[in-house]
Amino acid sequence: MRITLVGCGIGGLATAIALHAAGFEDVTVFEAAPRLSTQGFGLNILPNAVRELAELGLLDELRQQGVQTRELLMCSPQGDVVWREDRGLSAGYGWPQVSISRARLVGVLAAEVRRRLGDGAIVTGARLVGLDEARGVFVHEDGARRTVEADVLVGADGIHSAVRAAFYPSEGPPRTNGMTLYRGTAWSSGFLTGGSMTVLGDDRRRLVLYPIDHGTRGRCLINWVAAFPAPTADAGRSRPQEDVSGMREVLLREFGGWSPPDLDLVRVIGDTERIHTYPMIDRDPVPRWTFGRVTLLGDAAHAMYPAGSNGATQAIVDARVLAWHLASHSDVGEALGAYEAERLPQMAELQRINRSMGPERVLTLAHQRAPRGFERIGDVFSEEELAEISRSYAATGKFDQDWVNSRPSLSVRRRRQPAMRHNNGSAA
Ligand SMILES: Cc1cc2nc3c(=O)[nH]c(=O)nc-3n(C[C@H](O)[C@H](O)[C@H](O)COP(=O)(O)OP(=O)(O)OC[C@H]3O[C@@H](n4cnc5c(N)ncnc54)[C@H](O)[C@@H]3O)c2cc1C
């Protein structure tokens, strides 16, 4: 059976590996860009997805290339702690939470795809420009127009997905909430535990900081994201900011008085050499991801606001669930339908919750209840209320300890006989 993936992001690459592990060997990933992304901004990968990567044999590599996240602190702009919780192994998960540069994660996954499936399994400079689902024909361009036949096509082509647009032609551009994200990295002295993620905020701004690499003499590479209400000129894509000093001025105006625990924010911003801007965008949930032999995965299926470290995390889980269903069903349509039934309702709920910033809404609430700050957090929230916000978010995304530690493994090998069928009767 020939499986074609569109998009060499985290979702597409993880799917190629998961499919190979499940016994599929004719798998190719097409990527529009001429080479794989080398953008180094950070991602937190939650233990549910780290478990999937561990079962694919990638845990040691992840540990080497990233930093284990041990705790999460939610703070007021003054640095007063609203909520603190253990993360990953420290919180009793069987697998760590990992903070890692996206470029490194893409590098780890791409190397594994090539090792398992061969160099030809990743085709760059090949943009999908059209598809005919009924005939199993997909057209891509790499200078000339070329046609690829496939039994299954997975659109893992991100928030601006061409595969999704083929089925939702009038959907239009992603939705924005009017916030702009600034993103950068800077070397700094280590802070807090060395594996701490800090989120600060009031009712309209957010600042996230965590280390993604450790250097010598206790230094670390800090990944930071700052979000505040501001128009972004570009309707949907990341842009490197050329006027970095102008950008630093804007950031210092918005966040200069903020005090992340154990860090000198003015210095971190001053030491950042490249700043990218993005509009904060997501998509509405859609009623279907699967159309015959085509399905959607990752941001193409369920793009959400970046709150709660779920976008890439859930793309990796999608990859394993999809591979499991394709290996467990003898009919392609049934397999893709079962994947959608398992994943779509849960992801739609997460998209909805992320519109009110997921677990970060405790910061909005803290600001609303105590706009001038607080002496003791117990005067603003009960411990139970804070714990419930965190617990219910984790349960919705199925990354709470009980679920992650106890659910059956998704490791599976495809049964070779009988061959998979399409619901048009043909065998694959
Ligand atoms: C500021 C910020 C912070 C974030 N932090 C986190 C975090 O901590 N944890 C987390 O889990 N997630 C986080 N996310 C979300 C995460 O980055 C995304 O959800 C994730 O990268 C989506 O992966 P993907 O593979 O679905 O799509 P993408 O990474 O967008 O990959 C899609 C790929 O498809 C290619 N492509 C597009 N169109 C075509 C075409 N027509 N033909 C061929 N190829 C095509 C693109 O070039 C790209 O390589 C964050 C996002 C932002 C903006």
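1. Leucine 128 has histidine 140 of β10 as its bridge partner. This pair belongs to the antiparallel pairing of β9 with β10, which extends over 5 bridges. The model under discussion is a predicted one. In the hairpin of β9 and β10, 4 residues lie between the strands, and glycine 136 takes a positive phi near 65°.

2. Histidine 140 also has a partner in β11, namely arginine 146. Strand β10, residues 137-141, is joined to β11 by 5 bridges, and the two run antiparallel. Another bridge links phenylalanine 138 with valine 148 of β11. The hairpin of β10 and β11 has 3 residues between its strands, and there glycine 143 adopts a positive phi near 105°.

3. Taken together, these strands form an open sheet of 3 strands in the order β9-β10-β11, with antiparallel pairing. Its edge strands are β9 (127-132) and β11 (145-149), each of which pairs on one side only. On average, neighbouring strands of this sheet are turned by 30° against each other, direction ignored.

4. Which residues of β10 lie on its covered face, and which on its uncovered one? Phe138 and His140 make up the covered face, whereas Val137, Val139 and Glu141 make up the uncovered one. In a regular strand, side chains alternate between the two faces of the sheet.

5. A second open sheet has 5 strands in the order β8-β2-β1-β12-β19, and its pairing is parallel. The edge strands here are β8 (122-123) and β19, each pairing on one side only. Within the sheet, β1 (residues 2-6) is joined to β2 (residues 26-30) by 5 bridges, the two strands running parallel. Arginine 2 stands opposite aspartate 26 in β2. Helix α1 packs on this sheet and touches β1, β2 and β12 (152-155); the direction of α1 makes about 175° with that of β2.

6. Threonine 295 is found in β19, residues 294-296.

7. The largest nonpolar core has 122 residues, of which Leu13, Ala16, Val113 and Ala323 touch the most other members. Helix α9 supplies the largest share of this core, 10 residues. Not counting residues up to four places away in sequence, leucine 13 touches Cys8, Val29, Val106, Leu109, Ala110 and Val113. In soluble globular proteins, nonpolar side chains tend to be buried together.

8. The ligand has 35 residues around it, and Gly7, Gly9, Gly158, Gly298 and Gly311 come nearest. At least two residues of this shell are supplied by each of α1 (10-21), β3 (42-45), β9, β13 (175-189), α8 (299-302) and α9 (311-328). The largest share of the shell, 4 residues, comes from α9. By class, the shell divides into 18 nonpolar, 12 polar and 5 charged residues.

9. Helix α2, residues 47-55, is mostly covered, with 7 of its 9 residues buried. The buried residues are Pro47, Asn48, Ala49, Val50, Arg51, Glu52 and Leu53. Their cover includes β3, α3 (59-65), β7 (97-101), α9 and α13 (401-406). Just after α2, glycine 57 takes a positive phi of about 90°.

10. A further hairpin is formed by β5 and β6. Strand β5 (residues 71-75) is joined to β6 (residues 81-86) by 5 bridges, and the strands run antiparallel. Leucine 72 stands opposite glutamate 85 in β6. Between the strands of this hairpin are 5 residues, and glycine 79 takes a positive phi near 90°.

Definitions and conventions
Residues numbered from 1 in each chain as written. Predicted model: local features only at pLDDT ≥ 70, side-chain atom pairs only at ≥ 80, totals over all residues. Pairing = 2+ DSSP bridges. Axes fitted to C-alpha atoms, helices over the stretch in contact; angles between N-to-C directions. Near = placed C-beta within 6 Å. Nonpolar A, V, L, I, M, F, W, Y, C, P; charged D, E, K, R; others polar. Buried ≥ 20, exposed ≤ 12 C-beta atoms within 10 Å, placed from the backbone. Contact = placed C-beta atoms within 7 Å. Core = buried A, V, L, I, M, F, W, Y, C linked by C-beta atoms within 7 Å.
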